[in-house]
Amino acid sequence: MSQNSWLAVDAGTTPLVRAQELRFAWERFIADDDGDPTLVREAITDSWKRSSAAGVDPMGSRLAPVVADEDETHDRYEEHLLHTAAPLIHDCLSAIADEAGYLIVISDADGTLMSVEGSANMRMRAAGDMNFAEGTDWSEGGAGTNAIGTALALDHAVQVFGPEHFSDPVQRWTCSACPIHDPDTGEVIGVIDLTGELSTVHPHSLAVATATARAVEASLQLALQERDARLHARYGARVSPDRSALVTRSGRAIGPVPRGWNVQGRLVIPPGGGELTLPSGALAVAEPVSPTHEAFVVHALESKRVTSIARPLVKLHFLGRDRAELEVEERTTTLRPRLAEILALLCSSPDGMSAERLCADLHGDGGSVSSVRVEVSRLRKLLGPWIDTDRYRLTCDVESDVRRVEALLAAGQTRAAAEAYAGPLLPSSEAPGIVRERERLDRWLHQAVMTAEDVEALWAYVQTTPDDLGAWKRLLTQLEFRDPRRPQAAARVGELRAALM
């Protein structure tokens, strides 16, 4: 056994002899006989205990479960941060993988395999022996002790050899894995793994996997710095050094922060932006710089006693209602449809819109720019000087229900997004720009809830989208048999099917 507690074997270990020792120890563990504790690394015995508590069958009657089909796995990987690092991972690992017959594997932070690269024969054997393929769950709770799942559980690189695996069918394999962290948040975003047959075990595989993970993290750090520089160059002019700051979605400052805010670390940015309390106790508001919510400008809110022209916080409610509501300084106004459409479009374009583009989004080809200018003038009576007329843009602080849902979706918080979604954006509006934004948000939310494997997210979604037959059908397949909501879901599926006949 290696002196390195994360390494299964060292250069002086005979793999077959070590495998026999481990198999004996594993059988004693399964039989509830503790045996000699020095035979097995502490990290492995602790993992066996977690695997047993999670209900993993050590005899392998239940292999790693499939949690995503081929199309869903492909889409997840395409959107994942590690997809951009795939060429680097291949370059670092392909030589050792080809020589030793290893598979190069990338998983997400949940242990779902997103990419398995190697010879067709090895991939087929791994899939047949232990269901080791894209879309399967290799967390400890899904597959028991294994390098990917245990690396995630411990947030540390680890090698797992032969009978150290908790599940018997996996014990003919060896694997070395290292987690990868997001340079922005520090959170684990996935794992790099080398998997091969038991006889190919070598201490170098863990070192190579670890070195590759560090190279990927360095590459992601460089990309983050370049992104920060781009954001600062594009949006830094919106920042007033004495009362505002540019921050990322995670609350990390890009550039200086006003000293009086007493910021030590990150700010907590509400999803979609809006009001927040600074560490100093003062109130502030976060305004997204773009529809993608890649960054926010955080403004300190000035006291009304200090100035009569303090930048106001405008709260807008568009979802599930034809007459949007505008809140300014505790005063609520129900908006005329056209004014609501203009505000919704300006919210979707924080950088602003030309009069011609706003006209096209409101009227299509048949509109008049002069009529748009009249409507904007009416809107200025409600908001005062907080609409830039050189290029139509809201210059006040804005918090909207649409932005909140978008931000929750962007953060992967599907259930919270579905619960915050009150219905379609201005559902009766036929303005081309509103129809576009409405359909974009609806498609985004629909895709998220249909792929989230979250019953509560689906349930929240169908409350505001009651005619979505696909969502009701998926909900019905996921509800437990005794769930009191199941009869309602079954009845609704029947109603919608009948309506199609």
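At 23% relative accessibility, Val435 counts as partly exposed, and this residue is found in helix α14, which covers residues 432-451. The structure is a predicted model, and its chain holds 17 helices and 16 strands. Along its principal axes the C-alpha trace spans about 85 × 65 × 40 Å, and buried residues make up 49% of the 501 residues in the chain. Among contacts between residues at least 6 apart in sequence, 59% join residues that are at least 24 apart.

**Val435 and its surroundings**

- Leaving aside residues up to four places away in sequence, Val435 touches Ser429 and Glu430.
- The C-alpha atom of Val435 is separated by 47 Å from that of Ala177, and the two residues are 258 residues apart along the chain.

**Aromatic rings**

- A pair of aromatic rings is described by the distance of the centres and the angle of the planes.
- The count of aromatic pairs in this model comes to four. In one of them the rings of Phe29 and Phe166 have their centres 6.5 Å apart and their planes at 80 degrees, so the pair is edge-to-face.
- Phe29 lies in helix α1 (residues 15-30), while Phe166 lies in the loop between β3 (158-161) and β4 (173-181), so this pair ties together parts that are 137 residues apart in sequence.
- Are the two partners buried or partly exposed? Phe29 counts as partly exposed, at 22% relative accessibility, whereas Phe166 is buried, with a relative accessible area of 1%.
- Phe132 and Trp138 form an aromatic pair that is also edge-to-face, with 4.9 Å from centre to centre and 80 degrees between the planes. Both Phe132 and Trp138 are buried.
- Ring pairs also link Phe29, Trp48 and Phe166 into a cluster.
- A charged group meets a ring at Trp459, where the charged end of Arg485 sits over the ring, 5.2 Å from its centre.

**Cysteines**

- A disulfide is a covalent bond between the sulfur atoms of two cysteines.
- How many disulfides are counted in this model? The count comes to zero.
- Cys178 is in no disulfide, and the nearest cysteine sulfur, that of Cys92, is 12 Å away. Cys178 counts as buried, at 0% relative accessibility.
- Cys396 is likewise in no disulfide, and the nearest cysteine sulfur to it, that of Cys347, is 8.2 Å away. Cys396 is buried, with a relative accessible area of 0%.

**Glu287, a buried residue in a strand**

- The place of Glu287 is in strand β9, which covers residues 283-288, and at 7% relative accessibility this residue counts as buried.
- Which residues does Glu287 touch, not counting residues up to four places away in sequence? The contacts of Glu287 are Ala295, Phe296, Val297, His299, Arg311, Leu394, Cys396, Asp397 and Arg403.

**Cavities**

- A search of the whole structure finds five cavities of 30 Å³ or more, and the largest cavity has a volume of about 130 Å³.
- This largest cavity is lined by 18 residues, of which the closest to its centre are Ala344, Cys347, Ser348, Val402 and Glu406.
- The elements that give two or more residues to the lining of the largest cavity are α9 (337-348), α12 (401-410) and α14. The largest share of that lining, four residues, comes from α9.

**Positive phi values in two loops**

- Leu426 has a phi near 40 degrees, which is a positive value in a residue other than glycine. Leu426 is found in the loop between α13 (414-420) and α14, and this residue is buried, with a relative accessible area of 2%.
- Glu453 has a phi near 55 degrees, again a positive value in a residue other than glycine. The place of Glu453 is in the loop between α14 and α15 (455-464), where the residue counts as partly exposed, at 43% relative accessibility.

Terms used: Residues numbered from 1 in each chain as written. Predicted model: local features only at pLDDT ≥ 70, side-chain atom pairs only at ≥ 80, totals over all residues. Heavy atoms only, no water. Phe/Tyr/Trp six-rings, centres within 6.5 Å; stacked < 30°, edge-to-face > 60°. Buried < 20%, exposed > 50% of the residue type's maximum accessible area, 1.4 Å probe, protein only. Lys NZ or Arg CZ within 6 Å of the ring centre and 35° of its normal. Disulfide = S-S within 2.5 Å. Contact = heavy atoms within 4.5 Å. 1 Å grid on protein atoms, 1.4 Å probe; cavity = no way out; pocket = protein on both sides within 12 Å on 5 of 7 lines; lining within 4 Å. Points joined across faces, edges and corners; volume = space filled by probe spheres on them.
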